[in-house]
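Please look at the sequence and the model below.

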Amino acid sequence: MNKKAIMENLVVKAKKAVATELSARARRQPIRRGTVLYESFSGNGMLCNPEAVFQSLLDNPEYAHLQHIWVLSSLQDYEGTIKRYAGNRNVRFVRYGSTEYYDALATSEYLFNNATFPWQFSKRRGQTYINTWHGTPLKKMGYHIEGGGPDTRNIIRNFVQADYLVSANSFMTEQMYLDGYKLRNLYRGKILETGYPRIDRQNLSETQKVGLYEVLSQHGIHDDGREVILYAPTWKGDSFYEPSNDAAILHRTIVDLEKKIDTTRYRILLKIHQVVYKAASKNRDLAGYLVPNDIPTNTILGITDILVTDYSSIFYDFLATGRPVLFHIPDLNRYSANRGLYVQPEQLPGPLSTDSDELASSISRLGAGEASGDEGHVDEKYEKARRDYTSLEDGSSTERLINAVFKNDRSMPGIRSDHGDGRERILLYLGGMASNGITTSALNLLDNIDYSRFDVSVLYSYSRNAAKMANADRINRNVRLFPRQGYPNVGLKDRQKYRAMLKGGLPDGVDFTSSAQPIWDDEWYRCFGDSEFDYIVDFSGYGPFWTYLLLRGNAKQHSIWLHNDLKKDAERQVNGAKPLKANLEAVFSTYKYFDKLVSVSEELSRLNEEHLSEFASAGKFTSAVNTVNEFKIKALTSPKYTRVADLPGRAACTADALPEMLAFLRSAYSAEDIAAEATRQAWLEEFFPAGTAAQTFVSVGRLSPEKNHARLIEAFSTVHLANPATRLLIIGNGPLKRQLESTAAEFGVSDAVVFAGEQDNPYALMDASDCFVLSSDYEGQPMVLLEAKVLGLPIVTTAFGSVASAVPPGTGLVVERSTKALARGMQDFLEGKVPASEFDITSYNNRAMQSFYEAIGASARTEPLAQAQEPEAAVGVLS
């Protein structure tokens with residue numbers, strides 16, 4: 001990392017630390033009754049549903065006692081907004097991210113937001129949180145976007161803390177909240193199908209229209225009597241974390257359209273998304289067109305005669321006016337393919353254009369009183385859309401919402417509070433998502449769970465590390481993600497206590513699960529809000545922070561996984577240090593609070609019960625073996641390429657015929673598949689050069705002491721001396737790499753020992769090898785042995801304590817943990833005495849899943865379990 005990147009990273013951390021301190025300090029203040037905080041798009045204006053609720057409350061004498069606090073991103077940029085309320089003592093403004101902001105966020109009684117509060121936010125007892133969101137979605141949202149789960153991380157965190165989620169219609173409730181953001185069976189608040197408060201603001205009186213134009217005239221937009229065409233394109237980013245905009249393209253679109261329409265009759269105004277307004281406002285060419293950001297969109301819709309939009313949900317709002325909507329989508333094919341739409345183009349309630357000529361033609365038809373295309377068909381779609389999406393928009397949506405929240409009125413038929421579907425809920429902490437055996441076993445488990453029976457959520461630490469992000473992307477698509485980001489609200493006052501617990505374990509004399517634990521209770525709520533789970537599982541078992549956090553969640557049973565002989569792990573030395581000792585001893589202090597301590601084999605459970613008896617009673621120790629994903633492994637050893645046509649007759653393969661050969665291949669396969677296969681074969685040849693006739697032993701695992709690769713290299717040197725046509729391929733990385741390379745040189749086998757490093761796809765290399773060999777001193781239930789069995793490889797392994805769980809008698813060769821015995825075992829393979837592995841994967845996984853369900857406390861099932869489903873995109877991680 002260069003100096004600039006280091007400094008930028010330090011600045012980001014410093015800002016987060018300051019925000020956390022401000023939040024922690026503010027949270028020590030009492031809740032201020034009668035205060036209402038409003039935030040729209042992180043302070044980008046007084047806008048949307050929060051603005052409509054605010055105006056209604058402010059105008060109603062019944063609520064004259066309320067104090068209103070508005071969040072704005074800049075007090076200077078919104079000076080005009082602030083001046084409008086300068087004489088009202090009940091209204092004040094705070095800058096987003098300031099000390100005053102965190103104070104108001106932590107102490108206001110009511111909180112309104114149309115997007116999300118920041119990572120520090122954790123609703124306090126006595127606060128009521130109303131999330132109104134910002135529109136009925138046309139674009140797919142959340143988990144409906146391919147790979148969109150991680151981007152939901154702060155949205156779902158906000159939603160599960162909200163007392164109320166406001167919905168414009170049942171489509172939004174079902175498609176966005178319950179399905180798109182996977183709130184079904186999890187959310188415990190109320191969904192209010194009130195209609196949208198902001199749509200009430202479209203019903204402008206003549207006086208209000210005059211007042212609106214007075215504001216617009218300050219920005220060069222005057223009422224000249226022409227009909228208003230409002231062009232309201234959406235922003236093109238996929239998430240709020242990376243907005244994008246091109247002001248020049250917007251200007252060109254407007255100018256081009258003006259050349260083709262009757263500008264004596266029509267004028268064009270531009271309203272763009274708040275997220276990208278700042279960039280567009282700097283473009284002088286847009287002056288006179290661009291509607292100021294601090295004017296609510298729906299008030300502009302009140303003076304709009306024709307709406308032109310693309311993928312923006314603004315059209316749902318405008319349907320309530322009964323006026324025409326035109327859809328202008330030049331990049332329709334690309335966008336719908338990348339992001340996806342809930343409503344297909346042919347279902348849109350208005351004419352669709354992909355260039356300015358088509359758009360101008362549609363406007364002309366409307367001006368002549370005609371519809372575009374089959375008039376009856378268009379009208380039918382329009383009216384159906386109005387029924388589906390705006391049936392609640394009667395001008396009283398704001399009143400219904402206010403009555404539900406401030407008067408606890410439950411008479412409204414659109415209040416939905418039961419979101420369950422009958423499945424039991426599991427929460428699993430997966431670990432750090434690094435490429436290792438725990439991650440592999442966790443991903444396999446998630447591919448084998450019965451999702452018709454269980455609703456599964458996973459917790460992990462969000463990371464931008466490429467390998468960790470890739471592993472997170474491999475999580476089964478049925479799973480709900482809680483990628484944790486941000487920090488606990490721990491200020492200087494409590495930081496010493498917090499750090500002491502992480503370093504030294506839980507204090508004696510305090511019942512951690514029965515007594516209040518403010519630091520951990522607040523962090524649990526910050527992460528999970530009001531969510532409840534039936535079973536909570538620490539599937540990693542190596543980090544005290546996560547263990548403390550999970551113990552604060554209510555569940556029928558808490559379980560923690562033991563993937564190894566953890567007492568030995570705690571004492572393991574690497575380069576003279578014991579890197580796991582402090583963390584594991586802190587975790588050991590929590591064992592008495594878990595219902596079950598689950599080792600990954602029966603043999604390992606007996607070892608852990610013996611070695612950890614001082615921390616937990618014998619009855620808590622149990623076992624559940626790891627599952628394996630046959631589809632993932634085999635897909636990576638033999639990729640499936642899509643045939644797009646039947647191959648023609650064989651082409652001549654000559655030295656100068658490459659173009660013809662490529663054309664021959666392209667007649668049957670895509671260019672992407674051809675490139676992928678060429679890359680795969682070149683990569684394989686790096687480790688298995690053409691013409692190599694040597695027998696290859698392969699071993700996979702982290703280069704750390706417990707794996708004892710030094711013994712493996714020494715044993716191989718004996719075998720290689722007697723059988724020169726042999727190689728040893730070691731896949732993995734770790735702190736002992738240089739030392740092991742020296743060991744290979746010391747025994748004279750540097751040319752025959754290949755250190756392949758960490759590989760995204762170890763399975764292809766394993767499959768190309770001849771025999772799998774493992775030299776560990778101790779293991780849990782090593783995934784690599786199960787994976788080698790899936791590939792049908794002969795196995796030679798040392799006899800560590802839990803080896804029988806993966807290599808029962810008759811399925812491989814188990815030898816003593818000595819150099820001589822291991823060398824003899826490898827020689828036995830060369831002599832044909834170690835047969836290929838046989839593995840009934842379906843029966844094995846059925847038994848494994850039964851043991852998992854029993855271990856976490858779920859009732860056992862008697863019928864066979866379904867085999868793991870073939871993943872959409874099979875990928876692998878290093879075991």
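Trp119, Arg153, Arg157, Leu459, Phe482, Pro483, Arg484, Gln485 and Cys527 line the second largest cavity of this predicted model. Two elements, helix H5 (153-159) and strand S16 (480-484), each give two or more residues to that lining. Strand S16 gives the most, with three residues. By class, five residues of the lining of the second largest cavity are nonpolar, one is polar and three are charged. The volume of the second largest cavity is about 60 Å³.

How many cavities of 30 Å³ or more does a search of the whole structure find? The search finds four. Rolling a probe the size of a water molecule over the atoms is what shows where empty space is left. The largest cavity has a volume of about 70 Å³. Its lining is made up of Ser441, Leu445, Phe539, Trp561, Ala624, Val625, Asn626, Thr627, Ala848 and Phe852. Seven residues of the lining of the largest cavity are nonpolar and three are polar, and no charged residue is present there. Helix H17 (437-448) and helix H33 (841-856) each supply at least two residues of this lining.

Is H33 largely enclosed or largely open to the outside? Of its 16 residues, 12 are buried, so H33 is largely enclosed by the rest of the structure. Buried here means under 20% relative accessible area. The buried residues of H33 are Ile841, Tyr844, Asn845, Asn846, Ala848, Met849, Gln850, Ser851, Phe852, Tyr853, Ala855 and Ile856. Two residues of that list, Ala848 and Phe852, also belong to the lining of the largest cavity. An α-helix has 3.6 residues a turn, so residues three or four places apart point the same way. After H33 comes Gly857, whose phi is positive, near 105 degrees.

Positive phi values also occur in residues other than glycine. Lys182 is not a glycine, yet its phi is positive, at about 50 degrees. Lys182 sits in the loop between helix H6 (170-180) and strand S7 (190-193). With a relative accessible area of 18%, Lys182 is under the 20% limit and therefore counts as buried. Asn708, also a residue other than glycine, has a positive phi near 50 degrees. The loop that holds Asn708 runs between strand S21 (695-700) and helix H28 (709-722). Asn708 is buried, and its relative accessible area is 18%.

The last stop is another loop residue, Asp534. Where is Asp534 placed? Asp534 lies in the loop between helix H20 (518-528) and strand S17 (535-538). Its relative accessible area is 11%, so Asp534 is buried. The side chain of Asp534 reaches the backbone nitrogen of Arg425 at 2.7 Å. Once neighbours within four places in sequence are left aside, Asp534 is in contact with Glu424, Arg425, Ala555, Lys556 and Gln557.

Note on methods:
Residues numbered from 1 in each chain as written. Predicted model: local features only at pLDDT ≥ 70, side-chain atom pairs only at ≥ 80, totals over all residues. Heavy atoms only, no water. 1 Å grid on protein atoms, 1.4 Å probe; cavity = no way out; pocket = protein on both sides within 12 Å on 5 of 7 lines; lining within 4 Å. Points joined across faces, edges and corners; volume = space filled by probe spheres on them. Helix = DSSP H or I, 4+ residues; strand = E, 2+ residues; numbered from the N terminus. Nonpolar A, V, L, I, M, F, W, Y, C, P; charged D, E, K, R; others polar. Buried < 20%, exposed > 50% of the residue type's maximum accessible area, 1.4 Å probe, protein only. Polar contact = N/O pair within 3.5 Å; in protein donor to acceptor, adjacent residues only side chain to side chain. Contact = heavy atoms within 4.5 Å.
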